[in-house]
Amino acid sequence: MTENLDDAVAVFNQVRPRLMGIAYRMLGSHAEAEDLVQEVWMRWQAADRGTVDSPAAYLSTAVTRLAINASQSARARRETYIGPWLPEPVDTSADPYLGAEHGEALSFAMLLVLERLSPTERAAYILREAFDFPYGELATMLETTPAAVRQLVSRARKRIRAERRTEVTGAEQRKLLTAFIAAAREGDLAGLERLLATDAISYSDGNGARQVSKFPVVGRDRVAKFHRAFASHFWRGVRVELGEANGGWSAMLYRDGVLFAVCVVTVSPSGIREVMWQLNGAKLTAVA
């Protein structure tokens, strides 16, 4: 017998954290992830739910396939994006959907690496590493064989190992982020150079906004000089709060009570390796 709508709502809400977690990791956009989850809900309402043996598997499969398609079109759109593209930061301390089950594949740095995988590789890696789906179930979800899924996950792991370095998290990341913000605010060139790794790189996502760098800044000296150069005008009237974004510490910058920037750093044993500035106001709604 087909379930009534109240039952459908209860089942969907139970699985929704997983759906949101999958969609956000696939797209790097909280707004687009919400749209996908809403589309899955519409499909769930219209489905013959009485014939579904596992609602969790059915709904997870639906959001995964939608996310793969959305990733392909998003990649085409990003070819016209002005300057570096960074994910939308999300407050994982306030949004249980994204922190659900595992915090894997959630940091800014990891999401950027995942962007360089094919959509199917990304889906296989996320579903396996962040949500522990068995290979047999993944094969059904991705419409392939368990052996092919193992190859997809293996290739993704190799790519990620090749591109990601050992990261320092927790208290040390917070300490260096705080010190970096203080040095940048003061225009302290020597202080910035002490904090940065030799191969440091700074990304600024503004999608063509005025006074936002359209190119990554590479190398300790250049990154330090870059941040010193705009210290005198950028920080005027700015209030900084530390918060949690994507499972790590972030600096939230406010001017006249309005959040206008989020800064996240990736810390290696040799210092800050990546400085990531999200300055695109349209991408700050999930943490504002």
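**Exercise 1. Is the crossing of α1 and α6 left-handed or right-handed?**

Solution. This is a predicted model, in which local features need pLDDT of at least 70, side-chain atom pairs count only at pLDDT 80 or more, and totals for chains, interfaces and linings use all residues. Residues are numbered from 1 along each chain, and side-chain values use heavy atoms, without hydrogens and water.

Step 1. Find the helices, which are DSSP runs of H or I with at least four residues. Helix α1 covers residues 5–27 and helix α6 residues 119–130.

Step 2. Take the axes, lines fitted to C-alpha atoms over the stretch in contact, with angles from 0 to 180 degrees between N-to-C directions. The axes of α1 and α6 come within 10 Å and cross at roughly 140°. So α1 is oblique to α6 (under 35 degrees is roughly parallel, over 145 roughly antiparallel, 65 to 115 roughly perpendicular, the rest oblique).

Step 3. The crossing of α1 and α6 is right-handed (the near helix is turned clockwise from the far one by less than a right angle).

**Exercise 2. Describe the salt bridge of Arg157 and Glu129.**

Solution. Step 1. Check the distance. A salt bridge needs a side-chain nitrogen of Lys or Arg within 4 Å of a carboxyl oxygen of Asp or Glu. For Arg157 and Glu129, N to O is 2.4 Å.

Step 1. Arg157 lies in helix α8 (residues 146–163) and Glu129 in helix α6, 28 residues apart.

Step 2. Arg157, at 30% relative accessibility, is partly exposed (buried is under 20%, exposed over 50%, partly exposed in between, with a 1.4 Å probe and protein chains only). Glu129 is also partly exposed, at 22%.

Notes:
Helix = DSSP H or I, 4+ residues; strand = E, 2+ residues; numbered from the N terminus.
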